[in-house]
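Hi,

Here is the structure you will be working with. Please open it first, then read my notes below.

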Amino acid sequence: MRLQLRAHAVDMNGNQVENPIDLYIYVIDMNDNRPEFQNQVYNGSVAEGSKPAPSELPWALDCSSD
């Protein structure tokens, strides 16, 4: 499964300072059930100098029979 993120930098006033770039994440699942997300699109932001792994990432459900 491939997920696509679009990222761009903005200044303190919200003005775009860099062109958007596409980032792709490949999810490798250990069973035959694809992860299911509640929404098709998620919007968020990360402040400059933030520590890795923001807590606002979407979670997916894995409907495995285990």
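Let me begin with Tyr-24. Tyr-24 counts as partly exposed because its relative accessibility is 38%. Here buried means under 20% relative accessible area, exposed means over 50%, and partly exposed is in between (1.4 Å probe, protein chains only). Tyr-24 sits in strand β2. Strands are DSSP runs of E with at least two residues, helices are runs of H or I with at least four, and both are numbered from the N terminus. Leaving aside neighbours within four places in sequence, Tyr-24 is in contact with Arg-2, Leu-3 and Gln-4. Contact means heavy atoms within 4.5 Å. Tyr-24 and Arg-6 are 18 residues apart in sequence, and their C-alpha atoms are 8.7 Å apart in space.

Some ground rules. This is a predicted model: local features need pLDDT of at least 70, side-chain atom pairs count only at pLDDT 80 or more, and totals for chains, interfaces and linings use all residues. Residues are numbered from 1 along each chain as its sequence is written, and side-chain values use heavy atoms, with hydrogens and water left out.

The chain as a whole

The secondary structure comes to zero helices and two strands. Of the 66 residues, 2% count as buried. The accessible surface is about 6,600 Å², and 51% of that belongs to carbon and sulfur atoms. Areas come from the Shrake-Rupley method with a 1.4 Å probe; for residues, only the protein chains shown count as cover. Take the contacts between residues at least 6 apart in sequence: 36% of them join residues at least 24 apart.

The salt bridge

How many salt bridges does the rule give? The count is one. The rule asks for a side-chain nitrogen of Lys or Arg within 4 Å of a carboxyl oxygen of Asp or Glu. Asp-22 forms a salt bridge with Arg-6, with the closest N and O atoms 2.9 Å apart. This pair links distant parts of the chain: Asp-22 is in strand β2, Arg-6 is in strand β1 (residues 2–7), and the two are 16 residues apart.

Asp-22 is at 31%, so Asp-22 counts as partly exposed.

Leaving aside neighbours within four places in sequence, Asp-22 is in contact with Gln-4, Leu-5 and Arg-6.

The nonpolar patch

Leu-5, Ile-21, Leu-23 and Ile-25 form a nonpolar patch on the surface, with about 330 Å² of accessible area together. Patches take residues with over 30% relative accessible area and no salt bridge; like charges are joined within 9 Å, nonpolar side chains (Val, Leu, Ile, Met, Phe, Trp, Tyr) within 5 Å. Strand β2 (residues 21–26) gives the largest share, three residues.

Best wishes
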